[in-house]
Amino acid sequence: MAKKATNGITHETILRAVMAGQIAPVYYLMGEESYYIDRVANFIADSVLKPEERDFNLITLFGPDTDTHSVVQAALAFPMGAEKQVVMVKEAQALKDIDLLESYLKQPQPSTVLIFCHKNGTIDKRKGVVKMIEKTGILYESAKLRDYQLPAWIRDYLRRKKVGIEPQAEAMMAEFVGPDLNRMAGELDKLILALPDAGTAESGGAASRIVTSAMVVSHIGVSKEFNAFELTDALSRKDVVKVRQITNYFDKNPKQNPIQKTLPIVFKFFQNLMMAYYAPDKTPGGIAQWLGMNPYVCEKSIIPAMRNYSATKVMYIIGQIRRTDARSKGVDNPATSDSDLMKELMFFVLH
């Protein structure tokens, strides 16, 4: 799943065009999400050059160590034993005198594909060189995914690998790993390697290649005994005994379950619960769509919680979570331990 940039270009449109042989002379790839910048840049290079051509025709420059004049000189050179060469400028955000690129863009070298990788920000779009890049080549902005987009991204990533994922496992990955897509891809690849080979007798074929919540617990680092997701499940059901078991476990294992790691997950759960009361369509499917949540997860956690907590109570709980967070950081709290803060919060939520 790719968020469209202001010019309507997504990483998928670039990849489709490259696969169709429509190679632009220059690509300026920028934005906060480095995953797509790397993926697009590498895909272009792999599509333009054969493996045996890369040694002499893939020229990699680094913004902090070069300047625009040197980039232009490299781009004006001719390929060696190949139809094209690729000049890739990494860390382009540090490139000096980018405006000097304008002269090259007026008549780019036909045998060169020039790729700029500008991470953790964007070029000043008021610059004249930006308009020339858009006219001559491709300007692409890779924006960070929002939290609600992560589950769909996880599903799509695994689908391309011919692997499925349980809804609960999907939710756990989204919450536990977060929106760093390079890290997410690495963790998902780790789970794929842990799956049985497709088609083996033991695996039962490709149909069994499903990432489960148990695998996430085992391989990604969520506690094997109890974790924050089980806590929110118990809170949604108002299961007092289970909540007490989990908080006692957290108390005995503070390094694996620090309050600073648990509170954001509990807060996110009650934040979603608060939003659910404002859904125009109060059916489970309507609420799931309103929250941008997997219907299975919504049915399992949000719907039961709506029966157990009033909107007013949820509003007070959110306020109490904020106060607990502040106190865990020393605000108006000279002596209360994290363990006691968590127990106080759970008592407030459940009573």
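Colleague: Is Arg327 buried, partly exposed or exposed, and which residue does Arg327 form a salt bridge with?

Modeller: In this predicted model, where local features need pLDDT of at least 70, side-chain atom pairs count only at pLDDT 80 or more and totals for chains, interfaces and linings use all residues, Arg327 has a relative accessibility of 23% and therefore counts as partly exposed; buried means under 20% relative accessible area, exposed over 50% and partly exposed in between, with a 1.4 Å probe and protein chains only. Residues are numbered from 1 along each chain as its sequence is written, and side-chain values use heavy atoms, with hydrogens and water left out. A salt bridge is a side-chain nitrogen of Lys or Arg within 4 Å of a carboxyl oxygen of Asp or Glu, and the closest N and O atoms of the pair are 3.1 Å apart. The partner, in helix 17 while Arg327 is in helix 16 and 17 residues apart from it, is Glu344.

Colleague: What is the N to O distance between Lys119 and Asp38?

Modeller: Lys119 lies in strand 4 (residues 112-119) and Asp38 in helix 2, so the pair ties together parts that are 81 residues apart in sequence. Lys119 counts as partly exposed at 24% relative accessibility, and Asp38 counts as partly exposed at 26%. Their side chains meet in a salt bridge with an N to O distance of 2.7 Å.

Colleague: How many salt bridges does a search of the whole structure find?

Modeller: Side chains of opposite charge can pair when their charged atoms come close. Some salt bridges are linked in a network, as with Arg183, Glu187 and Lys190. For the whole structure, the search finds 15.

Colleague: Which side chain of opposite charge is nearest to Glu53, given that Glu53 has no salt bridge?

Modeller: Glu53 is in the loop between helix 2 and helix 3 (54-57), and it is buried. Glu53 touches Val48, Leu58, Gly81 and Ala82, not counting residues up to four places away in sequence, where contact means heavy atoms within 4.5 Å. Lys and Arg count as positive and Asp and Glu as negative, while His and the chain ends are not counted. On that basis the nearest side chain of opposite charge, 4.6 Å away, is Lys50.

Colleague: Which residues outside its sequence neighbourhood is Ile115 in contact with?

Modeller: Neighbours within four places in sequence are left aside here. The contacts that remain are Tyr27, Leu29, Ala41, Ile44, Val86, Val87, Met88 and Val89.

Colleague: At what angle do the axes of helix 1 and helix 2 cross?

Modeller: Residues His11, Ile14, Leu15, Val18 and Met19 in helix 1 meet Tyr36, Arg39, Val40, Phe43, Ile44 and Ser47 in helix 2. Axes are lines fitted to C-alpha atoms, for helices over the stretch in contact, and angles run from 0 to 180 degrees between N-to-C directions. The axes of helix 1 (residues 11-19) and helix 2 come within 10 Å and cross at roughly 5 degrees.

Colleague: Where is Lys162 found, and what is its phi?

Modeller: Lys162 is found in the loop between helix 7 (150-160) and strand 6 (164-165), and at 69% relative accessibility it counts as exposed. Most residues other than glycine have a negative phi. For Lys162 phi is positive, near 60 degrees.

Methods:
Helix = DSSP H or I, 4+ residues; strand = E, 2+ residues; numbered from the N terminus.
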